[in-house]
Every structure is written in C-alpha cells, then in structure tokens.
Amino acid sequence: MPTAPAPMVEIVRGPLAESRHTGHAVICDASGIVEAWGDPQALILPRSSAKMIQALPLVASGAADAQGLTDEQLALACASHEGAPVHVAAVEAWLADLGLGDDDLRCGTEPSRDKALRFEMIRDGRTPCQVHNNCSGKHAGFLTLARHLKTGPEYVDPVHPVQKAVREVFEEVTGATSPGFGIDGCSAPNFATTMQGMARAMAWFATAGQREDALSRAAARLVDAMRAHPLLVAGEGRACTQLMRAAREPVAIKTGAEGYFVAILPERGQGVALKIVDGATRASECAFAAILAGMGVLDPAAPEVKRFLNPPITNRAGHVVGEIAAVI
C-alpha cells in the first residue's frame, strides 16, 4: 500500500496552525535509501529539477566540447534563471555562436522574472522574447545537441533524437523505466519517475567524480558548473542560488515547479529529493531548507538560510503575525 504524504510545513498565525503542507522526501546514497518521509515510491514529475539530467547528453555526446561551451553555459543549461540581463545576454550570445536566434528556440516567450528588467521593458514598450524564458539556457543546450547530431529543428518533440537521448539517460540514472511524461511549461517532455528514483539519480551525480565513464564525467562537469555559478542557475534572492552560496559544504541545488527540489552532495555521495503535494513554493523552500539544515549542510541561524527555513508572516501594517515553520 502507498504510504501517505508526511506533514512537512505549518503556517502558524497566533495560537493556530491555520494551514498545513504535506509531502514526500528521500535521501539516497549509492546503496539505497538513507532516510525518507512519506512515500519513496510516489510517482512524480520532477519538472525543472531534472535539468541536470536533461543536460547530460549535451556533454556526454561531445556536443559541448565541439561547440566549446564554457562552465557558465553548462550552468545555464541546468538553470531555471530569472531572465535577468546577465541571463538574457548569455543565452543570446550562445545562440549567436550557433548562428541561431530567438525564433529557433521552442520554449515560448515569458516576461522576465527580474523585476527591474520587466518594468523597464514595459516602460519601453518592448515585448518579451523566448530568451527571457527561465528555461532558455536548457533549450540552447538542446539546440547545441541537435546541431551536433545533425537533426531537425523540432527538438522538443518526444520522438526527436534529442529527447530520445534525454529519456535514455533519465532511465539510466533513476534506475527504472519511466512510465511516461508530461509536457513541461517550456514544451519539452518531462519524464516521470519515483521519489526514490530522483534521489537515486542525485546520489549518482554526487558520486560521478569517482567514475571515469563518459556519462559520469559529464555529470561531474555539470555539478561543478552549477556550484561555480549559482547566480546563473537561478538568480539573486532565489532559493537555489542563496542556499548554494550559504552551504557549509559543496552542494548543487535545483528547484522544479509544483513544489519540487533536489540536492547533490558530492562529499557525502548523497542525493536528496523533495515534493510538496500541493505544489506550494513557500512550503517546498521551507521544508528543503529544514532537511538540509538537519543534515548539517546549512546553518539554520544564517540569515540567508532563515529567509527560507522560517520566514515571518507580516500583515499589511508590517507587523509580524505568524511564521512558516517546518515540522519534519
């Protein structure tokens, strides 16, 4: 029988916990599950937390080296970025190096999530482009792989060689055949697996530096790129960027839509996966920070950690009237 989701986060106001969020979380190492909350076999869509996996064929195939990609570009291939000027400029330069442009992307347009740039574009009457999409770095990676494979332009089609390569490595690192996929917000297939499958995959990434096969070398390069360039992976103020910067040990952190988070811990050889059942970001950030703090990866007293671990609730007068608190 499936195990029920575990209580993870409470929204406290005065004497009451007026809202509660439940979820699943798994910590794995190379031998299996180290610790779990909820149901390790819960079937999930990892959404953007799978971007490191989706980027594996880009590196393992030789496409990244053939194009001379930098660590910054590899970090962008794994990113859900803010669409800030630094992100937009980097993706535009990448496309230009390929002899391509915005119209070659298939991720769709999205207003920049960078408030200053978004307001500037509104004032200037400029419309968002696909490079502003938070997934445009991943898609630049897909285009680079498609060019290397000499395949057609519709690289998000599930039967396209790019996505076939992604599915192959996804099933290899999660250790199981995927039962199917959903189409992500950026139009790419997002393959389903279990909570344990994603934690296993992150543990596989964590130990990649200990192996010499092409896929493992690719994984180690992606992890190193994410750790070296946390700003490119997300953006100023974002949980992925802030928590990687604040960590007491090397860690690569990636969020996904609908309450998903993963972490790769190379020094421990461990991977972590979290899913909040109702998809709430306020809960996923809090619960994930709590898990990493409980492991000793984060200092719970550090201001940049407390921001996610135990954020206050303020009313419109600016008074603190409650808090978001982990219960795991």
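In the predicted model, His21 has a relative accessibility of 5% and therefore counts as buried, the cut-off for that class being under 20% relative accessible area. His21 belongs to strand β2, which covers residues 16-29. When residues up to four places away in sequence are set aside, the contacts of His21 include Ala6, Pro7, Met8, Val9 and Ile11, and His21 also touches Ile276, Asp278, Ala280, Arg282 and Ala283.

The largest pocket has a volume of about 460 Å³. Its lining is made up of 26 residues, among which Arg113, Arg238, Thr255, Gly256 and Ala257 are the closest to the centre of the pocket. Two or more lining residues are given by each of the helices α11 (239-246) and α12 (281-294) and the strands β8 (252-256) and β9 (260-265), with α12 providing the largest share, 3 residues. In terms of residue class, the lining of this pocket divides into 11 polar, 8 charged and 7 nonpolar residues.

Helix α9, formed by the 15 residues 214-228, reaches 21 Å between its first and last C-alpha, a span close to the 21 Å expected at 1.5 Å a residue. The buried residues of α9 are Leu215, Ser216, Ala218, Ala219, Ala220, Leu222, Val223, Ala225 and Met226. As a general point of geometry, an α-helix has 3.6 residues a turn, so residues three or four places apart point the same way.

Key: Residues numbered from 1 in each chain as written. Predicted model: local features only at pLDDT ≥ 70, side-chain atom pairs only at ≥ 80, totals over all residues. Heavy atoms only, no water. Helix = DSSP H or I, 4+ residues; strand = E, 2+ residues; numbered from the N terminus. Expected span 1.5 Å × (residues − 1). Buried < 20%, exposed > 50% of the residue type's maximum accessible area, 1.4 Å probe, protein only. Contact = heavy atoms within 4.5 Å. 1 Å grid on protein atoms, 1.4 Å probe; cavity = no way out; pocket = protein on both sides within 12 Å on 5 of 7 lines; lining within 4 Å. Points joined across faces, edges and corners; volume = space filled by probe spheres on them. Nonpolar A, V, L, I, M, F, W, Y, C, P; charged D, E, K, R; others polar.
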